[in-house]
Amino acid sequence: MSEEQPRNAKAGEMQKQRQKEQRQEMGTSFSKYGLTRKNEEFMYQLNKQLDRQGVAKEKQPEMIQATVEKLLEGQKSGQTAKNLFGTPTEYAKELKNPKPKETANVPGSWKLLAIDNTLIFFSIFTFMYGIMFLMSPEILKTKQYGSSGITAIVLVAIVGGLLFSYIMSQIQPGRKNGKSGMMKMLLLALGLVVWLGIYMMAAWLPNVINPRLNAWVYIIFGAIGFIGDMYFRNKYNVTGVYGPNRRRR
């Protein structure tokens, strides 16, 4: 037992010495960036945590460089590594398993929202007419198919999707476009009037280019439109025009 103790003590000292050398070597590599001592210590610990948590070696240089750049930027305003990233362990976990970045409804994203809204409008109208025809079959006897024709539905859905997505992207909270509250309300009202006008004009389309489909076909189309919209939203992270995505970085 007495022989093992000096041996263990010696091994412990050697390990401490290796850790000290590694620490000095790592500290030297980070000192060239002009980081504060606390930020250098953070980078040293972060580098260790990336190894411990099994982050691929080929990914680490990019992570380290990006972190150093953020630290340098933060130093200009007196921010520390802890303020920016928390503990090295927490930040290493975040780097290994990054969370989806926050995406807001910024100018330009209205095109994705237009597709989303078009699918929603298409689903609503096809479901509505499908259920209506099932509950009141006498409606199918009307000579003019009007707004219940498939061409009219598609046209109204596309126009509504484009129009309201663009308008909402212009008047959403936080957009610096100089529009007053009254102007935003007028823009929204104008969009509604235009859409209703298109809806009424679509009702006069000739039956030959605006056929009316079977009630169950409409319901199936509505289901397809709804499922397609859910897939589209998940794939492109579309959250709708009524508020930005609240996901954290």
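Is Phe 42 buried or exposed, and what is its relative accessible area? Phe 42 is buried, with a relative accessible area of 6%, where buried denotes under 20% relative accessible area, exposed over 50% and partly exposed the range in between (1.4 Å probe, protein chains only). The model is a predicted one, in which local features need pLDDT of at least 70 and side-chain atom pairs count only at pLDDT 80 or more, whereas totals for chains, interfaces and linings use all residues. Residues are numbered from 1 along each chain as its sequence is written, and side-chain values use heavy atoms, with hydrogens and water left out.

The protein chain contains 9 helices and 0 strands, helices (H or I, at least four residues) and strands (E, at least two) being taken as DSSP runs numbered from the N terminus. Along the sequence the pattern accordingly reads α-α-α-α-α-α-α-α-α. Of the 249 residues of the protein chain, 32% count as buried. Among contacts (heavy atoms within 4.5 Å) between residues at least 6 apart in sequence, 75% join residues at least 24 apart.

Two packed helices are described by the angle between their axes and the distance between the axes. The axes are lines fitted to C-alpha atoms, for helices over the stretch in contact, and the angles run from 0 to 180 degrees between N-to-C directions. Helix α2 (residues 37–52) and helix α3 (residues 60–75) have axes that come within 11 Å and cross at roughly 155 degrees. This makes α2 roughly antiparallel to α3, given that angles under 35 degrees count as roughly parallel, over 145 as roughly antiparallel, 65 to 115 as roughly perpendicular and the rest as oblique. The crossing of α2 and α3 is right-handed; a crossing is left-handed if the near helix is turned anticlockwise from the far one by less than a right angle, and right-handed if clockwise. On the α2 side the contact is made by Asn 39, Phe 42, Met 43, Leu 46, Asn 47, Leu 50 and Asp 51, and on the α3 side by Gln 60, Met 63, Ile 64, Thr 67, Val 68, Leu 71 and Gln 75. These residues divide into 8 nonpolar, 5 polar and 1 charged, with Ala, Val, Leu, Ile, Met, Phe, Trp, Tyr, Cys and Pro counted as nonpolar, Asp, Glu, Lys and Arg as charged, and the others, Gly among them, as polar.

Leu 50, which lies in helix α2, is buried, with a relative accessible area of 0%. When its neighbours within four places in sequence are left aside, Leu 50 is in contact with Val 55, Gln 60, Met 63, Ile 64, Ala 92 and Leu 95. The C-alpha atoms of Leu 50 and Gln 60 are 7.3 Å apart in space, the two residues being 10 apart in sequence.

A search of the whole structure finds 12 aromatic pairs, in which rings of Phe, Tyr and Trp (its six-membered ring) have centres within 6.5 Å, planes under 30 degrees apart counting as stacked, over 60 as edge-to-face and the rest as tilted. Phe 42 and Tyr 91 form one that is tilted, at 6.5 Å centre to centre and with 40 degrees between the planes. Phe 42 lies in helix α2 and Tyr 91 in helix α5 (residues 88–96), so the pair ties together parts that are 49 residues apart in sequence. Tyr 91 also counts as buried, at 3% relative accessibility. Elsewhere, ring pairs link Phe 121, Phe 125, Phe 164, Trp 195 and Tyr 199 into a cluster.

Helix α6 (residues 110–135) and helix α9 (residues 215–236) have axes that come within 7 Å and cross at roughly 155 degrees, which makes α6 roughly antiparallel to α9. The crossing of α6 and α9 is left-handed, and the residues of their contact divide into 19 nonpolar, 6 polar and 3 charged. Met 128, located in helix α6, counts as partly exposed at 34% relative accessibility; Met 128 and Gly 222 are 94 residues apart in sequence and 8.7 Å apart in space, C-alpha to C-alpha.

Helices α6 and α7 pack at an angle of about 140 degrees, with their axes 7 Å apart, and are therefore oblique to each other. Their crossing is right-handed, and the contact of α6 with α7 has 16 nonpolar, 7 polar and no charged residues. Thr 151, in helix α7 (residues 150–171), counts as partly exposed at 30% relative accessibility. Beyond its neighbours within four places in sequence, Thr 151 is in contact with Leu 205, Ile 209, Asn 210 and Pro 211.
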